[in-house]
Amino acid sequence: MNTPAELKYTKSHEWVKMEGSEATIGLSDFAQNALGDLVFVNLPEVGDAVTAGEVFADVESVKAVSDVYCPVSGEVAEINEELLDDPAKINEAPYDAWFIKVKNVGDTEELMTADEYEKHCENE
Amino acid sequence: MEKKTALYDKHVACGGKMVPFGGFILPVQYETGVIAEHMAVREKVGIFDVSHMGEVLCTGKDAVKYLNHLLANSYDGMYDGQARYSPMCNEHGGIVDDMIAYRINEEKFLFVPNAANKDKDFKWMQEHVIGDVKLEDISETMGQIAIQGPNSKAVVLKLAKEEDLPKKYYSATFDKEFAGKKVIISRTGYTGEFGYEIYCQKDDTPAIWDALMEAGKEYGLIPCGLGARDTLRLEAGMPLYGHEMTDDISPLEADLGIFVKMDKEEFVGKEAIEKMPLNRIRVGLKVTGRGIIREHMDLYVGDKKVGISTSGTQLPFCGGAYAMALVDVAYKEIGTKIEADVRGRRVEAEVCPLPFYKREKK
């Protein structure tokens with residue numbers, strides 16, 4: 001399992017990269033591995049409001065749909081349109097395959113360090 | 001508590017993700033993933049542990065008469081070794097299960113029902129016995145491995161003699177030697193691809209699995225899980241019990257009319273099927289919008305609800321999202337535009353021919 005130390009993680013397996021009041025969000029390596037081959041991604045639109053702890057996207061593997069939760073509240077500044085055409089990028093490189101960038105970040109979920117997150121995954 | 005097949009340790013050693021299915025614990029996929037496993041079967045060869053399938057022996061001098069009573073298809077005029085698929089109907093014309101029945105000889109047949117239905121089926125079969133027949137559930141003593149894909153014959157020929165292989169699709173040979181074990185070799189499968197299914201003694205399953213893994217190396221063989229089994233059958237337009245068939249769906253609604261012989265004198269469910277108006281029918285849907293239509297999603301034309309999806313996902317070989325559905329017969333024509341309610345969002349689709357994939361015959 002790959003868990004870069006410079007990122008923060010949620011219990012629901014999203015990763016966040018915080019830069020000032022901006023956050024970049026994606027799905028962890030553990031999550032992509034558990035979900036299997038991803039074939040479809042639904043993303044919000046630029047300008048949408050997102051809320052910490054609420055669903056902002058869904059991903060579909062061949063077998064099932066899974067919700068993706070937003071670790072932060074704010075406004076969607078950018079979406080990764082590449083993922084819409086090629087969801088397999090999430091399986092190939094989960095930490096390059098960001099979902100959205102959020103600006104004006106307010107509340108955040110309880111975030112874990114890489115070490116804490118790895119322990120959390122051991123119990124999943 | 002789910003049962004383990006004789007291959008449980010093999011699956012775990014191969015990195016299988018184990019999940020409960022039909023009372024068994026089986027791999028949904030291996031480390032290769034559903035897409036690679038699906039493509040291996042379409043382009044090379046894959047093997048599946050299908051030991052969960054049930055096996056019921058039927059013996060007695062009235063065996064043919066009994067099968068003709070129990071099942072909707074006709075079991076007349078078969079040769080020894082021949083297999084026929086059939087829905088097994090209830091008195092209301094719904095489907096109890098679907099299965100293959102092999103004729104071993106005129107007084108001995110082998111049924112292969114679905115794992116999840118096996119106990120229900122066995123009870124049903126016993127309750128509907130007519131004449132001199134005996135039923136024996138031998139599921140616990142048997143293992144089964146499917147070898148599917150264009151290279152499957154080359155792999156099988158390394159472990160069996162050519163003259164021992166069944167020549168025709170939907171036929172089998174009995175008591176043949178395969179990797180040193182006595183087996184049934186059947187030319188059947190659930191993938192839409194050329195292939196075989198090997199029925200063996202439960203204790204012989206691991207040795208046969210190992211022999212296949214070794215023999216298949218040069219042909220690109222990989223083990224495949226339930227995930228690929230489901231996407232392959234869906235791509236091949238094959239119905240699955242619990243999805244396209246249930247106690248409340250008739251075989252005609254499931255578009256399985258060619259397996260229902262209404263000219264037979266009688267069979268369980270015939271009267272009800274005769275009387276039932278055909279209001280809805282199984283169709284294929286190609287998703288033209290953005291999204292995936294899965295099972296149990298409501299289908300609309302405008303504001304009118306016209307049916308429900310029964311199975312659906314992204315199909316790896318066809319390269320798009322497809323679904324099977326039961327729709328009002330007024331909307332069954334190819335090209336009809338239909339929308340699915342996918343978690344509150346409308347996704348566009350159109351009726352397209354089944355199967356979605358058909359193997360090119362060489």
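How many helices and strands does the secondary structure of chain A come to?

## Ground rules

This is a predicted model, where local features need pLDDT of at least 70, side-chain atom pairs count only at pLDDT 80 or more, and totals for chains, interfaces and linings use all residues. Residues are numbered from 1 along each chain as its sequence is written, while chains are lettered from A and ligands numbered from 1 in the order in which they are written.

## Chain A

Chain A has four helices and nine strands. Both are DSSP runs numbered from the N terminus: helices are H or I with at least four residues, strands are E with at least two. Along the sequence they go β-β-β-α-β-β-β-β-β-α-α-β-α. The radius of gyration of chain A is 13 Å, close to the 14 Å from the globule rule for 124 residues, so chain A is as compact as a globular protein of that length. (That radius is taken over C-alpha atoms, and the rule is 2.2 Å times the number of residues to the power 0.38.)

## Where the chains meet

Seven residues of chain A and 11 residues of chain B make up the contact, counted when C-beta atoms, placed from the backbone, lie within 7 Å. On chain B, strand 3 (24–29), helix 2 (34–43), helix 7 (226–235) and strand 17 (304–315) each supply at least two residues.

## A look at helix 7 of chain B

Nine of the 10 residues in helix 7 of chain B are buried, meaning 20 or more other C-beta atoms lie within 10 Å of their own, with C-beta atoms placed from the backbone. Among them are Leu226(B), Arg229(B) and Asp230(B). After this helix comes Gly237(B), with a positive phi near 70 degrees.

How values were computed
Two residues are in contact if their C-beta atoms, placed from the backbone, lie within 7 Å. A residue is buried if 20 or more other C-beta atoms lie within 10 Å of its own, exposed if 12 or fewer, and partly exposed in between; C-beta atoms are placed from the backbone.
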